[in-house]
Amino acid sequence: MKRTFDVCMAALGLILTAPLLALISVLIKLDSQGPVIFRQVRVGQGFRPFAIQKFRTMAVNVPGACLPLTVGQDPRITRIGQILRKFKLDELPQLFNVLVGDMSFVGPRPEVPRYVERSRSEFFEVLTVRPGITDLASLKYIDEAALLAYSSNPEEEYQFKVLPEKLRLAKLYIRHMSLRFDLAIVLQTLLHIARLPVVVFTLPELKSTVEPPVTSPWTSLSCFIMRWRKPIIVVLDVILIILANYFAFVLRYDGSIPEGEIQIFEQTVFALVAIRGVAFALFGLNEGLWRYTSIWDLQNIIGGVLTSTVVFYGWVHWVMDIYSYPRSIFAIDAILLVGLLAGVRLSSRVLRDRPIFQKKRKVFIVGAGDAGERVVREMKTRPVFNCQPIGFVDENVGLLNQRIHGVRVLGTVQDLPKLVEGLKPEVVVVAVPNAAPEFLRDLVIKLEPYNISIKTLPAKEELLADQSTVSQIRNVSIPDLLSRAPVDLDNEATRQMVRDKCVLITGAGGSIGSELARQITLFEPKVLLLYERHENSLYNIHKELDDRRLAFPIVPLIGDVTDAQRLCAVLEQYKPQILFHAAAHKHVPLVEMNPLEAVKNNCIGTRVTAEAASLYGVEQFVHISTDKAVNPSSVMGATKRVAELIIQDIARTSRTRFLLVRFGNVLGSSGSVLLRFQEQIRAGGPVTVTHPEIRRYFMLIPEAVQLVLQAATIGEQGHIYILDMGEQIKVLDIARSLIRLSGLNPGKDIPIRFVGLRPGEKLYEELVGEGETAVRSSLEKILQIRTISQLDFEEFREKLSALEAASYRDEASVLIERLKEIVPMFQTCASSDVESSTVSAGSL
């Protein structure tokens, strides 16, 4: 089709321009010596050289004749050559190149061999098609010589800046080329040459739409029109008023107006113009910008026409006493005038919003409800989004084959893979606010084989009513795929607990501690104490909060929870009323290799902190634990279970209210699996998963902190609280989803490798341990753990002393045995039977 178009148009062009070609040839011969046609070797399709033909625009045998580039006002250019170059008439002989098959009307501009050889690899894709007379680069660099004139080194400017951009635009053309696109580029080129500021095509990959020429003779005309736009509109409206009234008579009398009726027309038309002119002024019809014409303008047009028609009717009958004026003329005239006024105004918007070629992203909408309707409406009425909705899917089978704004409901979500295969959309938008995580996970898995972007709307409470729905669409993220919604925080209860209190956070530089600090600042404490032994982490969170210019002091304190003297000094000086204990070693593999330090920090540090809090009269003590403390298989889990028992022991006799909070893996925290997967994806893989069946509970950092704050408001002395986290999620599913949401295919672009369970790791986590039961608390989604069998705390303290002694003596093997005595459920895991393997595209 493209070659047929080229041959036909080239032949037609040569026939039509034959007189012009002859005239230009004569003028060139008269202007300077030398041949009429200039020939130069260029590189064509498949790296085949050919001779490009142009009208000669330079004098021959003059100094600088061999310069490779034409820059600025080149003295070699002849008088006729300047005119030919300005209007691109020197390119007309290339119609012969098109006719013989060396070139096409539209295609990448051919380069000379020396530039091609320097960047041969970059030209492989470009030279898969015929070069053209014009292309996207020709539009951008329509006056290339003037552009290069501003450079101190034109050759270097062309080779390292202009040429790479030309190649980018050439590749962009190849990806989108079609006959319609070619026609749009040809028309845009002609408009550029004529200096007409009209854009006829857009591409989302371009930094902006193809810009019209800056300097144009039409600019002055445009400025004149804008300056005198109101008088021009008034004159045009007057003409339309007269035309509408005249054609109303023509239609009323079937094209033959009687002599008497012509006299009536002549007697009344000036009154009609005056009445309509006043009405139009009152309705503001001469004030609106036509390129933004909308329903509001149509309402004003109808209002102005109807009002003036009623007044004119009264004027004709009661002032002019012309009772023979046909009543039907009033109706026909009004209808015609509304159509003419609206048509003239809408034409500006239609021409502006409907370019000849506009490459849009094909979008599939999941959800044919109110949100889906709003998304489609905005995509169809706002070209700036460059989106073309091509279909809906919805779970309601009753909507099948129904249309919303012309877009059909093509099936259910189960049909989506088949529809994607056939229609090949580039984006799938989930227009279901508050979509269930299970639904999103299933959708991601269904679309895994396809290279398609998956986006969603924010939750209903996050949707801004005064903003465009489409502008709020975002990529589906891993938190969207979690198995339950975040807990809603009772802000008022938390504010009453924290306001005007001194709050201390241990481990304040960690993921949980720092988020605790951020959220607590929202509730106006009297003082916030940040206790942390790592100075860099402490500096970062203190600086972040200090930059907010809060009304209360933020005090950074360097200290270790195992340092009783330092901790007591802080408690005595500041007398905190609430203490959140977030300091802990929590990296399972590292703790497994360093059990002595784990006991010191997680067990001894917890005991020292809790005893100091009880001694110095802290009102509330919230200890942060983990689901790994339940039937632990790792040293980290066992030490955290011992810490829970320490808190429960001290709580029995203390006036301080102690409580504990357990939660699962925190996404995005330091060392979390999510960050590790992201690093591996950025590195090109492989993504390492320990076991294909390993499952975990997952929480967001803000969600975990909300649970901590909830527990602080409702917690009872010595009790453990957990979040109702639904079902555990396979880590493999998280890995696959993260790869997919990064725009890559699991197993194909990024391999997944199973490396076997690490020391201390188990296949699944538990929230309730042996001898425990979970019951509902006073708050939704928060469970309270109750102990069925009572622990002998006297015996526990003796075993704890033995554990601490083994830690101080650096007896690692003895320490493990002491841990097992305190936590009988603690069993170290053997190595996994799963051998290291890599997931292929087929196995996924």
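**Exercise 1. Find how many cavities of 30 Å³ or more the structure holds, and say what lines the largest cavity.**

Step 1. The predicted model holds four such cavities of 30 Å³ or more. A cavity here is a set of points, on a 1 Å grid over the protein atoms alone, where a 1.4 Å probe fits but cannot get out. Grid points are joined across faces, edges and corners, and a volume is the space filled by probe spheres set on the points.

Step 2. The largest cavity has a volume of about 70 Å³. Its lining residues (an atom within 4 Å of a point) include P108, F123, D135 and K166.

Step 3. Now turn to the elements. Helices are DSSP runs of H or I with at least four residues, strands are runs of E with at least two, and both are numbered from the N terminus. Two or more lining residues come from each of α6 (120-126) and α9 (154-176), and α9 gives the largest share, four residues.

Step 4. Sort the lining by class: seven nonpolar, no polar and four charged residues. Ala, Val, Leu, Ile, Met, Phe, Trp, Tyr, Cys and Pro count as nonpolar, Asp, Glu, Lys and Arg as charged, and the others, Gly among them, as polar.

Before you go on, a note on the numbers: residues are numbered from 1 along each chain as its sequence is written. Local features need pLDDT of at least 70 and side-chain atom pairs count only at pLDDT 80 or more, while totals for chains, interfaces and linings use all residues, and side-chain values use heavy atoms, with hydrogens and water left out.

**Exercise 2. Trace the open sheet of nine strands.**

Step 1. Follow the order β16-β15-β14-β17-β18-β19-β24-β28-β27, where the pairing is mixed. Two strands pair if DSSP finds at least two bridges between them.

Step 2. Look at β18 (residues 620-624) and β19 (residues 657-662): they run parallel and are joined by five bridges. Q620 has R657 in β19 as its bridge partner.

**Exercise 3. Is T309 buried or exposed, and what does T309 touch?**

Step 1. Go to helix α14 (residues 295-319), where T309 sits.

Step 2. T309 is buried because its relative accessible area is 12%, and buried means under 20%, with exposed over 50% and partly exposed in between (1.4 Å probe, protein chains only).

Step 3. Leaving out residues up to four places away in sequence, T309 touches R276, F330 and A334; contact means heavy atoms within 4.5 Å.

Notes: 1 Å grid on protein atoms, 1.4 Å probe; cavity = no way out; pocket = protein on both sides within 12 Å on 5 of 7 lines; lining within 4 Å.
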